[in-house]
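Subject: Structure for you to look through

Dear colleague,

I am handing over the structure below, and I would ask you to open it beside this message while you read. My notes on what was found follow after it.

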Amino acid sequence: MDIDGIRAMFPALSQSVHGKPLVYFDNAATSQRPECVVEKWDTLVRGSNANIHRAVHKLAVDATEEYESTRDAVKEYINAASREEIIFTSGTTASINLVAFSYGESFVSEGDEIIVTEAEHHSNIVPWQMLCQRNGAVLKVLGVDDDGHLKTEDLKSLLTDRTKLVAVAQISNVLGIKNPVKEIVKICHSIGCPVLVDGAQGVVHDSVDVRDLDCDFFAFSGHKLYAATGTGVLYGKKEWLEKMVPYQGGGEMIATVKFSGTTYAPLPEKFEAGTQNINSIPTLIPAISFTKSLQDKKIQEYGKRVFDFLYDALTSNPRVHLYGVPRGTEDKVSLFSFSVDGAHHEDLALILDKLGVAVRSGQMCAEPLMDRFGGRPLLHTIPWKRRSILSSPLKGQLEC
Amino acid sequence: MISLEEAKQAVIDDFSMYDEWLDKYEYLIDLGKNLDSYPEEEKTEDKLIKGCQSRVWLNSKVEDGKLFFKADSDAIITKGIISLLIGVYSGRTPEEVAGDDFGFINEIGLKENLSPTRANGLVSMIETIKALAAENCN
């Protein structure tokens, strides 16, 4: 498989925008869909579009089979201990909100503490703020240094016997720095504090083993991993999920319903209220297969060349400031945020758009982190490492 | 001074000379460069137009029954857009500005190509100009 072959798998990438071949660098927001994902969705919508778990007719049985086999595929992909630990949601944000509510209602009271980091996007800040407001808990923040690395050495002093959960991104969507989540989990577990890992970016750039990480919760989105939009996963250790109250009520999350009281379904249905995203969730299967196929050595080498090219280009020009500076060769993924002296990010993004290059500009859904770096909004580009897919003028240079 | 309709037509004609968006941006950037300087002390929070990714300050005054605008932005394309709007609407009566539909913006394709609402706030700029005009209508 070569780079042109990969590009050809994405229907959206063959288009021109403003008369220029599209170069899509906005993968941190959402990736494009490969043909195999589009096909899967199309087949389900046309063929087995029926509600799952409920009826005995053929279409419902087929739809249930597709949906539940996706749970097995995800379980294997992230190496969870059991399929009951895989909850389908609409995305990372929904997964984190689920934990903030259900874990919060069950375990967090007035005066307790939640710790997040300065490198989080809003989805891993606001649900915890809301929990703290509801339950009278306190939100504490683990800082990052000037290069964008977490000050993990400060974690021990932040943790107290009132800390009920630590929420941390595996990789920040702005900085692209791999956070030492395994080490963080170890530190937190030493005092019995559970950890939620926001894997929205991490699951895309690295293979994930939740048992090796030993995290208590792991949240990610399907749509950043090439699957359909509106798909997400919450992994939670059974011991926690079983003790947590449900998030939403209704649909198949019940065992029995009486006006005198309701009992809830066992895991995982307990957390999947209402009609699920039945036609989209199964697109995680081809999406995962596609992601695995990119772990090919030749593609990884190509990705490394793109990384080096961009890294050199963004660090050799004194007007360009890169955010999230690596310390070693393995601690940054191909996710680059930068600002340019004397040029407004909006102007640059508009001009790049007219050149056919899609980048993100602005606050990156991580305002506190932007404030940390002087409130200067950035430009953002994710070219590769399994994903992106360069073409046109850059590619020529890259292959020189 | 040319009429409002003539001013709008002039912008449409200018834009029609360029096929490429990058050329249109250059045209806008040049427009921005021609803006009268905007006093630093007037770059206050209440003069900022809400809803723009870049910062846009807009101030107005009425002289001899005519509405005059001045503006600035920290982004050069946005500065060109506000300059274009001021060029068309400054120096007219508040009634004329408030009663206009600003439809010429659609004819030059500016909205589609510049306005993922939060990105540049073209709509916010128009709404602010309209509101300032409405405030000064008799």
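In this predicted model, helix α2 (residues 21-33) of chain B packs with helix α3 (residues 76-89) of chain B at an angle of about 70°, and their axes lie 7 Å apart. Since angles from 65 to 115 degrees count as roughly perpendicular, α2(B) and α3(B) are therefore roughly perpendicular to each other. On the side of α2(B), the residues that meet α3(B) are B:Tyr25, B:Leu28, B:Ile29, B:Leu31 and B:Gly32, and among their partners in α3(B) are B:Ile77, B:Gly80, B:Ile81 and B:Leu84. Sorted by class, this contact of α2(B) with α3(B) has eight nonpolar, four polar and one charged residues.

Turning to chain A, you will find seven strands that form an open sheet with mixed pairing, in the order β4-β10-β9-β8-β7-β5-β6. Its edge strands are β4 (86-89) and β6 (138-142) of chain A, each of which pairs on one side only, and the twist averages 20° from one strand to the next. Helix α3 (residues 58-78) of chain A packs on this sheet, where it touches β4, β9 (217-221) and β10 (232-236) of chain A, and its direction makes about 115° with that of β4(A). Within the sheet, strands β5 (residues 113-117) and β7 (residues 163-169) of chain A run parallel and are joined by three bridges, with A:Ile114 standing opposite A:Leu165 in β7(A).

Finally, the contact between the chains takes eight residues from chain A and 13 residues from chain B. Helix α13 (residues 345-354) of chain A gives the most to chain A's side, with five residues, and that side has two nonpolar, three polar and three charged residues.

Best wishes

Notes
Residues are numbered from 1 along each chain as its sequence is written. Chains are lettered from A and ligands numbered from 1 in the order in which they are written. This is a predicted model: local features need pLDDT of at least 70, side-chain atom pairs count only at pLDDT 80 or more; totals for chains, interfaces and linings use all residues. Two residues are in contact if their C-beta atoms, placed from the backbone, lie within 7 Å. Helices (H or I, at least four residues) and strands (E, at least two) are DSSP runs, numbered from the N terminus. Ala, Val, Leu, Ile, Met, Phe, Trp, Tyr, Cys and Pro count as nonpolar, Asp, Glu, Lys and Arg as charged, and the others, Gly among them, as polar. Two strands pair if DSSP finds at least two bridges between them. Axes are lines fitted to C-alpha atoms, for helices over the stretch in contact, and angles run from 0 to 180 degrees between N-to-C directions. Angles under 35 degrees count as roughly parallel, over 145 as roughly antiparallel, 65 to 115 as roughly perpendicular and the rest as oblique.
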